[in-house]
Amino acid sequence: MPTARAAVLLALAAPVALLIAAAQPALWVIAPVACLVILVLVIADGLLAGRVEDLRVAVPADIEVGNEEAIGAQLLFRGGRPSRAEMALECDPRLTAGGRLVFPLAGGDEGWSGSGAFAASRRGTGKVVRAWLRWTGPLGLGARQMTGDLDEAVRIWPNIAAVRSPALQTFLKDAQYGLLARRIRGEGTQFESLAEYQPGMDRRRIDWKSSARHVHLYAKEYETERNNQVVFAFDCGQAMCEPIAGMPRLDRAVSAALATAFVALKGGDRVSLFGFASRPEVSTPFIAASAEFHRLQRAAAGLEYRSEEPNFTLALATLASRLKRRSLIVVFSDFADPTSAQLMIESVGRLVSRHVVLFVTMADEELEGLSAAQPDDLEILSMAVSADQLLRQRALVIRRLRQIGVDVLEAPWQNVGTRLLDAYLAIKRAGAIG
């Protein structure tokens, strides 16, 4: 088939033919002959491009959402001298925007090779279903093309980069709930021992009877309780599926939860995941060992994106019926206005009497940006007023949650992981779960 270069040459032949016809009418035959020569060159160049002897496409089997990977291709030609080669792949839209990945191939001593980078935008299984290969001859006038089915699958997992981060690993090795399993003296609720009172200690910890008996001040030391139950409950409804910085809010929540879950398992607590939309969808048993963390990651990968409103009443009632002892319930959700959040507030409020509830939501930076915009014209002013009203309604919902005894964590998406970990450790130190 003709290339763009051949098409340009044929297009230039038309004005040249007009000039020749105007200047020397008897030489008009030169133009069609020139076009015929170009067509012959296109065919000859296509034949000189050669044929594909071997083509291999390497598709990664696994990737974490938000990460970047590459699909590679290796190609061998037979009986030709191609000047250029290019590959196009038909992919699942969660792998590439628009479902199409195009990349060039470069020639070398061992054949032609190249790769195209892609970044997974959602969890699930992304298919690479078809490949197109196009290569041109040595003159760049003729091209050949072939198509083939691939049927390759890429499993897209929750992102646990925070779990592997050096900062968290250092924290686990040195912190109170880490690999050294140090006991926390002076905090928590479980009595550990008596120690000589030192300036700066909480005076409420002084054991007056022991101090009187020994004629010296002694203070009680405690260690933080272990074997607490922690449940991460994910709203998989419409609001949580909206993207924030190129990734659904749900995936941001999953990454933050898994990092905190890893720390909780290292600290001796038991962790479970619960996902719901219009009905409960994912519920795992409590995992007690960090070696079983992969089970939580696999369960989180099964959380579906639902374009529907969540049923908090059914979901949280189901969750409460499965919990036989006091637990920390971390609810990840979002809301648009007080009306849609009313049932959520009532349902979460029923858990507070028996459990510790931490409600996690991500700050709406888009609304904050619109609200703070300079009112240069009426349209911007109108948008700023509307955004400010929505932010006020959002603050009202958060205030109502806090009034009924719910701990609320609202943070930008990039900080929600560290803020959640801090909140979990604070609750654990206070001994509020046991």
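**Chain overview**

The chain has twelve helices and 18 strands. The model is a predicted one. Of the 434 residues in the chain, 43% are buried.

**Surface and contacts**

- About 22300 Å² of the chain is accessible surface.
- Carbon and sulfur atoms account for 54% of that accessible surface.
- Contacts between residues at least 6 apart in sequence were sorted by separation, and 73% of them join residues at least 24 apart.

**Nonpolar patch**

- A nonpolar patch on the surface is formed by Leu36, Leu39 and Val40.
- Together these three residues have about 270 Å² of accessible area.
- Val40 is part of helix H2, which covers residues 30-48.
- The relative accessible area of Val40 is 49%, and a residue counts as exposed over 50%, so Val40 is classed as partly exposed.

**Cysteines**

- The count of disulfides is zero, where a disulfide requires a pair of cysteine sulfur atoms within 2.5 Å.
- Cys241 is in no disulfide; its nearest cysteine sulfur belongs to Cys236 and is 6.9 Å away.
- Cys241 has a relative accessible area of 9%, and buried means under 20%, so Cys241 is buried.
- Cys91 is also buried, with a relative accessible area of 8%.

Note on methods. Residues numbered from 1 in each chain as written. Predicted model: local features only at pLDDT ≥ 70, side-chain atom pairs only at ≥ 80, totals over all residues. Heavy atoms only, no water. Patch = residues over 30% accessible without salt bridge, like charges linked within 9 Å, V, L, I, M, F, W, Y side chains within 5 Å. Areas by Shrake-Rupley, 256 points an atom, 1.4 Å probe, with all protein chains shown as cover. Salt bridge = Lys/Arg side-chain N within 4 Å of Asp/Glu carboxyl O. Helix = DSSP H or I, 4+ residues; strand = E, 2+ residues; numbered from the N terminus. Buried < 20%, exposed > 50% of the residue type's maximum accessible area, 1.4 Å probe, protein only. Contact = heavy atoms within 4.5 Å.
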